[in-house]
Amino acid sequence: MIQLIRFLFINIALIITSGAGARDLQDGVQLHGFASQGVASSSQNQFNGSMPGSAGVDMRELGLNLSWQAAPDWLVSGQLVSRWAGATDNGTVRVDYAFVDHSLTDNGQRHLGMQLGKVKNSYGFFNMTRDVAHTRAGIMLPQSIYQDQIRDFFLAAPGISLHGSEERGDSLLSWQVSMLHPQVNSQNLTAYIVDRQLGHFNARTSMLAQTLWEQDGGKWRVGLSLGQFDIHFQPAPSDFFGAGSFTGAGNVTLNTGVLSVEHNREDWSYTAEYASTRQLRRGFNVPFAPILDKDTTIEAYYLQTLWRFAPRWQALARYDAIYLDKQDRNGMTFAAVTTLPASQRYARDWTMGLRYEPSSIWSLFAEIHHVNGGAWLSKLDNPPAGLKSNWDMLLLQAAWHF
Amino acid sequence: MIRAVLFIVWWIYAGGTWAAEIIVHPGVKVKTLTVNETRSLFGMRQLTWPGDVPVRVFVLPEQHALHAVFCREILNIYPYQLRIFWNRLVYSGTGQAPTEVATEQEMLARVASTPGAIGYVNKVNSNDPVNTISVH
């Protein structure tokens with residue numbers, strides 16, 4: 001173990017001092033990594049350590065991965081990630097993925113393979129590499145679909161996955177089906193689904209599937225992701241003002257789907273994704289909060305344009321919207337029932353951003369957000385009662401990778 | 001309009017100079033590839049040659065003029081798409097990146113000396129110790 005750490009340390013030091021890119025350690029073994037640091041300044045509400053009048057720097061991502069192509073049909077890979085994001089992530093090192101991929105058949109046009117281990121979840125266009133700054137169009141992914149509050153659901157999960165692809169003419173059709181056990185014991189998720197309680201969620205075996213069609217080398221890309229996640233709430237005795245001890249533990253089933261479309265041209269890329277998530281809630285039975293057992297449909301979508309207006313430069317414009325209850329978009333019914341702010345039930349975010357790449361391994365980002373609503377803000381950072389509905393944010397970020 | 005004028009100026013200036021030819025290790029007996037097959041190889045999806053010889057892919061840096069020509073003329077995609085594709089493989093653990101070399105000379109030397117290697121240069125000389133592949 002010590003030898004491995006020393007080996008990695010020496011190689012990373014070599015990469016940093018030589019300014020080199022990807023590192024082939026030996027035949028079939030590659031080492032890659034990334035690091036980013038951001039600064040957030042918000043006019044209202046808290047985001048990644050920011051407070052009105054003071055900037056926040058709790059925006060950091062570090063990652064290191066190793067992959068070993070043991071044979072053309074066997075790949076072993078793993079990645080460690082450490083991330084800081086306000087109260088939602090504190091830098092704990094976690095295994096982002098670790099799996100074995102075996103190719104069952106591959107005849108050039110048709111491929112079939114399987115993965116076993118902790119596998120990244122294929123959800124929408126960007127979930128698989130969501131914590132890697134230089135793979136994102138801007139500093140933040142559109143929070144409507146890639147919400148950080150429920151990231152634990154979607155990041156990666158232990159399970160088994162079948163994947164395949166087929167080429168016909170100029171088209172490439174690829175697909176993946178996973179049976180997984182989501183890792184949902186997180187304060188963020190608890191706060192999101194049942195507000196701040198001491199209890200926790202346990203997962204049951206869940207399914208996720210994605211199919212992706214690409215035309216002409218990716219000039220057009222269309223994807224459909226479908227998932228069913230089952231989770232079970234285990235309340236602490238003090239939860240729901242003491243009602244936790246005599247109420248039944250709740251079950252939540254999330255049936256979610258994302259439709260993704262992208263068109264890539266030389267200087268412009270256009271991306272749109274639409275997600276609909278049906279929440280089925282049963283068995284909370286908290287007398288003063290019947291809303292915990294209310295089924296709702298979350299609706300989320302964004303439209304995004306990227307403009308590569310000069311070499312190394314890129315501009316971003318995006319409109320991103322989420323409604324936690326499609327039947328109550330402005331949150332007024334929710335506010336009337338709970339006396340909590342309506343603005344925690346929706347968010348509409350206008351984003352403008354710039355990206356500059358001084359070299360192939362560095363990216364510098366700046367972006368401004370004008371937001372109405374706080375549905376995707378962490379409840380750990382922003383207790384709902386104090387939420388402000390109209391707010392602006394400036395974000396800066398430097399990202400490095402090899 | 002400005003773009004068209006710039007392109008014509010570039011074409012007059014560079015016309016005939018920047019073309020890309022695909023080269024492979026002399027042990028690779030494939031003579032022709034389709035655009036899709038070439039995309040699969042450089043997209044790190046096709047990992048073996050006929051006969052199960054592992055493919056080793058070499059590329060120039062994205063900023064290199066020849067890389068842009070190779071992407072447009074041979075693969076018919078934009079360089080940024082290839083980079084996004086490699087990033088997705090590398091940072092989700094589902095694949096590996098190609099090996100980047102700094103110059104055409106290094107490309108030629110590495111492809112000539114690595115079994116299963118594929119890469120590209122501007123022009124192959126008759127005495128270069130590599131095979132060429134035509135893409136149609």
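What is the mean pLDDT of chain B, and what share of its residues reach 70 or more? The structure is a predicted model, and in it the mean pLDDT of chain B is 89, with 87% of the residues of that chain at 70 or more. For the model as a whole, the scores are ipTM 0.89 and pTM 0.88.

## Make-up of chain B

The secondary structure of chain B amounts to 5 helices and 6 strands, and read from the N terminus these elements follow the order α-β-β-α-β-α-α-β-α-β-β. Of the 136 residues in chain B, 41% are buried.

## The contact between the chains

Where the two chains meet, 28 residues of chain B are in contact with 28 residues of chain A. On the side of chain B that touches chain A, at least two residues are supplied by each of helix H2 (35-42), helix H4 (79-92) and E4 of chain B, and H4(B) provides the largest share, 7 residues. By residue class, this side of chain B divides into 10 nonpolar, 13 polar and 5 charged residues.

## Helix H4 of chain B

Helix H4(B) has 14 residues, and the distance from its first C-alpha to its last is 20 Å, close to the 20 Å expected at 1.5 Å a residue. The buried residues in H4(B) are B:Gln81, B:Leu82, B:Phe85, B:Trp86, B:Leu89, B:Val90, B:Tyr91 and B:Ser92. An α-helix has 3.6 residues a turn, so residues three or four places apart point the same way.

The buried residues of H4(B) pack against elements of both chains: in chain A these are strand E2 (29-42), strand E3 (59-71), strand E7 (110-120) and strand E13 (251-264), and in chain B they are H2 and helix H3 (65-75). Just after H4(B), B:Gly93 adopts a positive phi of about 80°.

## Antiparallel strands of chain A

In chain A, strand E8 (residues 156-168) runs antiparallel to E9(A), and 10 bridges join the two; in this pairing A:Gly164 lies opposite A:Trp175 in E9(A). The hairpin of E8(A) and E9(A) has 2 residues between the strands, and there A:Gly169 takes a positive phi near 60°.

Strand E9 (residues 171-180) of chain A is in turn joined by 10 bridges to strand E11 (residues 206-215) of chain A, again in an antiparallel arrangement. Here A:Ser178 stands opposite A:Leu208 in E11(A), while A:Met179 stands opposite A:Met207 in E11(A). E11(A) also pairs in the antiparallel sense with strand E12 (residues 220-234) of chain A, over 9 bridges, and A:Ala209 has A:Leu226 as its bridge partner in E12(A). In the hairpin of E11(A) and E12(A), where 4 residues lie between the strands, A:Asp216 has a positive phi near 55°.

## Nonpolar cores

The largest nonpolar core has 56 residues, of which A:Leu189 and A:Ile322 touch the most other members. Helix H3 (residues 187-194) of chain A makes the greatest contribution to this core, with 5 residues. Another core, of 42 residues, lies apart from it and includes B:Ile22, B:Met44, B:Leu108 and B:Ile118.

Once neighbours within four places in sequence are left aside, the contacts of A:Ile322 are A:Ser144, A:Ile298, A:Ala300, A:Tyr346, A:Ala347, A:Ala375 and A:Trp376. As general background, nonpolar side chains in soluble globular proteins tend to be buried together.

Definitions and conventions: Residues numbered from 1 in each chain as written. Chains lettered and ligands numbered in written order. Contact = placed C-beta atoms within 7 Å. Nonpolar A, V, L, I, M, F, W, Y, C, P; charged D, E, K, R; others polar. Expected span 1.5 Å × (residues − 1). Buried ≥ 20, exposed ≤ 12 C-beta atoms within 10 Å, placed from the backbone. pLDDT = per-residue confidence, 0-100. Pairing = 2+ DSSP bridges. Core = buried A, V, L, I, M, F, W, Y, C linked by C-beta atoms within 7 Å.
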